[in-house]
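Please read this briefing alongside the sequence and the structure.

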Amino acid sequence: MTEHVASRTRWQYHAANAEGAAVRGEIDALSERDAIDTLRRRSLWVVELVPLSGAVRNTGSAGTRRAGILERFRASDDRDLAIVVRSVATLTGAGVPLYRALSYAAQEATGPQLRDAFGAVRDGVARGDSLSVAVGRHAVFPPMFAPLIAAGEASGTLDASLTLLADHLERRQALRSTVSSALVYPSILGAASIIGVVVILAVVVPRFGALIADSGGQLPMSTRALITLSTVMVKGWWVWLGLVIGAALVARYLWREPSARRRIDASRLGWPVIGRLERTQAAAAYTGTLAIGLRSGVSLLGSMALARGVVGNAQLAASLREAEDRVRGGERVATAVSGLLPPLAERLLDAGEVSGDLAGLAARAAEAANSELQRAVALAVTLIEPVMILGFGGVVGFVALALLQAIYGLNATTM
């Protein structure tokens with residue numbers, strides 16, 4: 001790991017606390033290692049550490065990844081990470097020393113990012129760090145990893161905690177693959193429809209319009225509208241480009257502005273199909289992570305905080321934070337999250353509290369939500385496909401009608 005010695009440097013950090021919640025701030029330290037150790041004593045696991053001078057820290061072989069790159073890595077390599085984590089869990093459960101298990105992981109990991117990350121974790125463990133501390137220094141591991149591994153280390157069930165994390169990654173990747181596969185055909189159909197409409201308006205209509213203009217005659221209103229739309233598209237491309245760039249900048253600002261993003265997320269929950277999908281997906285992620293936290297020995301409030309951290313909708317996450325406050329005040333979990341999760345998930349959580357098996361019933365709720373999400377995606381796809389086909393067919397039909405009307409009109413005037 002590269003050390004930044006000499007005078008004290010101010011570092012900007014992004015870390016996860018013992019409850020899995022994201023924490024951001026600044027700290028003065030003599031070096032990168034000093035900053036990490038200071039944050040560790042505060043029970044914070046570093047995800048990203050950047051000197052305010054502007055250079056990104058170098059963690060040796062692992063390195064710090066920017067958020068966008070990190071998200072792409074997680075989306076594409078959950079399965080690879082799950083395989084390696086499960087291997088480490090199996091080896092440690094069989095009595096193999098942790099250092100040797102991590103050495104095997106560093107050798108067998110797929111891709112340079114995983115190999116470098118597990119190699120750096122192995123080296124950290126060799127220096128005397130706990131696994132949770134070593135994992136918390138590297139951004140390729142999701143923020144929930146360090147707190148759950150720490151709970152497993154404290155309870156002596158590290159292999160069980162690693163197995164639960166591997167299961168979680170595999171379920172998440174399987175769900176993502178199912179959803180992606182269901183959206184392949186609509187995506188291809190949508191792209192083909194857009195390309196077809198653009199070709200018609202940008203190539204076919206202008207040439208036909210030139211022929212009509214040379215022959216003279218009065219054009220029907222539908223034909224004039226079609227030619228006007230084509231002219232705006234062809235000659236006013238710079239306006240469309242400006243609108244696209246402006247929309248992208250506005251979307252980026254709204255995404256980064258917490259209050260605006262929360263309002264957008266809140267409104268999206270009320271959309272007919274998207275709202276149901278998003279709420280179901282949030283329920284699957286929340287209850288699944290809650291079950292993992294409880295089974296790993298994390299406290300109820302800590303597990304709720306971990307579960308809230310994987311909910312992408314800002315409005316739901318804020319409401320779930322308020323639910324934690326109510327649970328802290330003595331309210332039951334099912335009552336606190338009432339109205340935030342699907343009814344089946346709430347009933348299962350209530351049954352889990354009554355029976356004393358909240359972790360088991362939370363896992364059942366996650367399975368039910370995953371199944372419901374797959375059914376909802378399939379239903380949405382069956383609705384989207386005919387709508388797209390009818391929409392593209394309607395555009396083509398309008399173009400054909402407008403051109404035929406112009407042809408018939410010209411024929412009538414020349415006869």
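In this predicted model, helix H11 (residues 274–295) and helix H12 (residues 300–309) have axes that come within 8 Å and cross at roughly 145 degrees; axes here are lines fitted to C-alpha atoms, for helices over the stretch in contact, and angles run from 0 to 180 degrees between N-to-C directions. Helices (H or I, at least four residues) and strands (E, at least two) are DSSP runs, numbered from the N terminus. Residues are numbered from 1 along each chain as its sequence is written, and side-chain values use heavy atoms, with hydrogens and water left out. Because the model is predicted, local features need pLDDT of at least 70 and side-chain atom pairs count only at pLDDT 80 or more, while totals for chains, interfaces and linings use all residues.

**The H11 and H12 pair**

- H11 passes H12 in a right-handed crossing, a term that applies if the near helix is turned clockwise from the far one by less than a right angle, with anticlockwise giving left-handed.
- On the H11 side the contact (heavy atoms within 4.5 Å) is made by Tyr286, Thr289, Leu290, Gly293 and Leu294, and on the H12 side by Leu300, Ser303, Met304, Leu306, Ala307 and Arg308.
- Sorted by class, this contact has seven nonpolar, three polar and one charged residues, where Ala, Val, Leu, Ile, Met, Phe, Trp, Tyr, Cys and Pro count as nonpolar, Asp, Glu, Lys and Arg as charged, and the others, Gly among them, as polar.

**Nonpolar cores**

- The largest nonpolar core has 35 residues, of which Leu81, Phe118, Val121, Leu131, Phe141, Phe145 and Ile149 touch the most other members; such a core is a set of buried Ala, Val, Leu, Ile, Met, Phe, Trp, Tyr and Cys residues joined through side-chain atoms within 4.5 Å.
- At least two residues of this core come from each of helix H2 (67–93), helix H3 (98–108), helix H4 (112–126), helix H5 (131–136), helix H6 (145–155) and helix H7 (158–215).
- Leu131, leaving aside its neighbours within four places in sequence, is in contact with Leu98, Leu102, Val121, Val125, Ile149, Glu153 and Leu158.

**Individual positions**

- Val337 sits in the loop between helix H14 (333–336) and helix H15 (343–355), and Val337 counts as buried because its relative accessible area is 0%; buried means under 20%, exposed over 50%, and partly exposed in between (1.4 Å probe, protein chains only).
- Beyond its neighbours within four places in sequence, Val337 is in contact with Tyr286, Leu320, Ala323, Glu346 and Leu349, and its C-alpha atom is 8.6 Å from that of Glu324, 13 residues apart in sequence.
- Ser230 in helix H8 (residues 221–235) is buried, because its relative accessibility is 3%, and Ser230 touches Leu201, Val205 and Pro206 when residues up to four places away in sequence are not counted.
- Leu229, which also lies in helix H8, is partly exposed at 42% relative accessible area.
- Asp325 in helix H13 (residues 314–328) is partly exposed, with a relative accessible area of 45%.

**The chain as a whole**

- The secondary structure of the protein chain comes to 16 helices and three strands, and buried residues make up 42% of its 415 residues.
- Among contacts between residues at least 6 apart in sequence, 61% join residues at least 24 apart.
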